[in-house]
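Here is a short briefing on one chain.

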Amino acid sequence: MRCAHCNAIIPEGWMRCPRCGKDIQIVPDYNPLENVLTQEVKGSVEDVTRQMHTEDVRNFGRKQNGYQSKATRVLSQEELNEIQTRRERAAKNRSRAEARRKQQERKKQLIRRRRKVLLILLLFLLLFGALFGYIMYQNSYAGKVAKGYDALQMKEYQTAEKYFKHAIGKNAQKPEAYSGLAETYMEQGEEDEAESVFLSAIASYPSNQELYQAAIRFYEESKQLEKIPEILGDCEDEAVLSSLKAYISTDPVFSLDEGKYSEVQEVTLSASGETIYYTTDGSDPISASTEYTEPILLSTEGKTQIKAIAYNEKKIPSLIVSKTYEIEFPVADAPVVTPSTGQYSTVTQITITVPEGYTAYYTIDGSVPTTESMLYTGPVEMPEGQTLFSAVLVSKTGKMTQITKRNYIYQPQ
């Protein structure tokens with residue numbers, strides 16, 4: 001053993017250095033193999049294995065000589081056995097670790113295989129589902145409608161008509177196929193056929209709100225707003241009318257019942273918050289007709305037909321309301337003619353009383369007076385001899401009163 005201070009050899013059993021006299025520090029023997037075995041076991045756990053050779057142990061021991069003087073010594077048999085035992089244990093640990101590593105690797109590979117199979121199966125199911133869904137879609141209502149519009153875009157009208165009719169056969173209460181079929185007819189200039197598509201649908205399903213909405217859109221796009229009140233006027237479903245109230249215009253209300261009147265009349269029209277237009281010549285009113293702003297005066301004899309229509313904020317017209325009035329003023333009595341029938345010897349004038357609004361006509365030969373007879377403008381001098389004087393009144397409308405007759409004999413003295 002050497003002194004740690006002066007490196008002098010210390011005899012066995014001495015506790016002081018014979019050269020420097022300092023106490024001896026007992027340092028446990030360093031066994032390089034223990035360090036090597038420790039590294040071997042650690043490497044086996046971390047999957048880093050290295051085979052231990054005797055030469056490696058010697059090299060390691062030589063390398064440690066520079067650090068500690070007591071690093072080299074002869075190992076006993078027990079120590080060699082211990083080293084061998086530890087070596088075998090380390091080998092077993094490495095073997096177990098390797099087995100565990102391989103087992104884990106096999107599990108990972110199995111999991112990867114299962115994932116791959118599941119992924120392939122899922123991909124197959126997705127492709128099959130997509131193909132099945134595509135086939136189902138092509139034969140569904142929506143698929144038929146889509147094919148119909150594709151054919152319509154290509155101007156293949158017969159094909160489009162076929163697809164739209166197939167779609168209606170699958171679901172007759174949805175509006176898309178009806179709209180497509182009507183558009184197909186419109187493209188070919190068959191407006192009546194297009195309109196009948198919606199009229200037939202509404203007649204079959206009078207409570208289907210969507211069909212009414214589709215029909216209204218058709219009339220709006222085809223500039224036939226006057227047809228909207230016709231289909232809504234025939235609707236008896238309150239739910240449909242309530243949902244489409246924005247398209248309903250209130251019919252004009254007349255203040256005077258139609259009929260025959262004997263004096264001048266005024267007719268007032270009203271509609272809740274809407275613009276009213278009317279005609280008096282028998283034609284149907286439109287937005288270009290006379291706008292109602294004040295009561296309509298009926299001051300002439302004869303029949304007058306008033307037709308009125310109202311437009312709401314959406315410019316949707318109401319139904320046309322028509323009433324006919326007849327003004328017939330009372331016919332005046334037979335005209336008053338003076339003097340009365342008799343024999344006269346002096347010059348006498350014959351007069352006719354003419355009421356306002358009438359014209360008088362007369363004859364002096366006993367014939368029936370007409371508008372072609374002599375017009376009375378003032379007193380008529382009685383002729384000599386016998387005169388059969390007849391007078392009649394004619395109103396502005398051409399009505400004639402009863403005839404008044406007088407028989408005069410004038411013989412001057």
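Which residues make a nonpolar surface patch of about 760 Å²? They are Leu 118, Leu 121, Phe 124, Leu 125, Phe 128, Phe 132 and Met 136. The model is predicted: local features need pLDDT of at least 70, side-chain atom pairs count only at pLDDT 80 or more, and totals for chains, interfaces and linings use all residues. Residues are numbered from 1 along each chain as its sequence is written, and side-chain values use heavy atoms, without hydrogens and water.

**Patch and helix**
- Areas come from the Shrake-Rupley method with a 1.4 Å probe.
- Met 136 sits in helix H3 (residues 77–138); helices are DSSP runs of at least four residues, strands of at least two.
- Met 136 is partly exposed, at 47% relative accessible area (buried is under 20%, exposed over 50%, partly exposed in between).

**Annotated segment**
- An unreviewed UniProt entry annotates residues 117–137 as "transmembrane region"; such annotations may be inferred rather than shown by experiment.
- Residues 117–137 are 100% helix and 0% strand in the model, with end C-alpha atoms 29 Å apart.

**Strand E12**
- E12 spans residues 349–353. Ile 350 and Ile 352 form its covered face, while Gln 349, Thr 351 and Thr 353 form the uncovered one.
- Strand E10 (residues 336–338) pairs antiparallel with E12 over three bridges; pairing needs at least two DSSP bridges.
- Thr 338 has Thr 351 as its bridge partner in E12.
- E12 and strand E15 (residues 380–381) run antiparallel, joined by two bridges.
- Ile 350 has Val 380 as its bridge partner in E15.

How values were computed: Buried means under 20% relative accessible area, exposed over 50%, partly exposed in between (1.4 Å probe, protein chains only). Patches are made of residues with over 30% relative accessible area and no salt bridge: like charges are joined within 9 Å, nonpolar side chains (Val, Leu, Ile, Met, Phe, Trp, Tyr) within 5 Å. A salt bridge is a side-chain nitrogen of Lys or Arg within 4 Å of a carboxyl oxygen of Asp or Glu.
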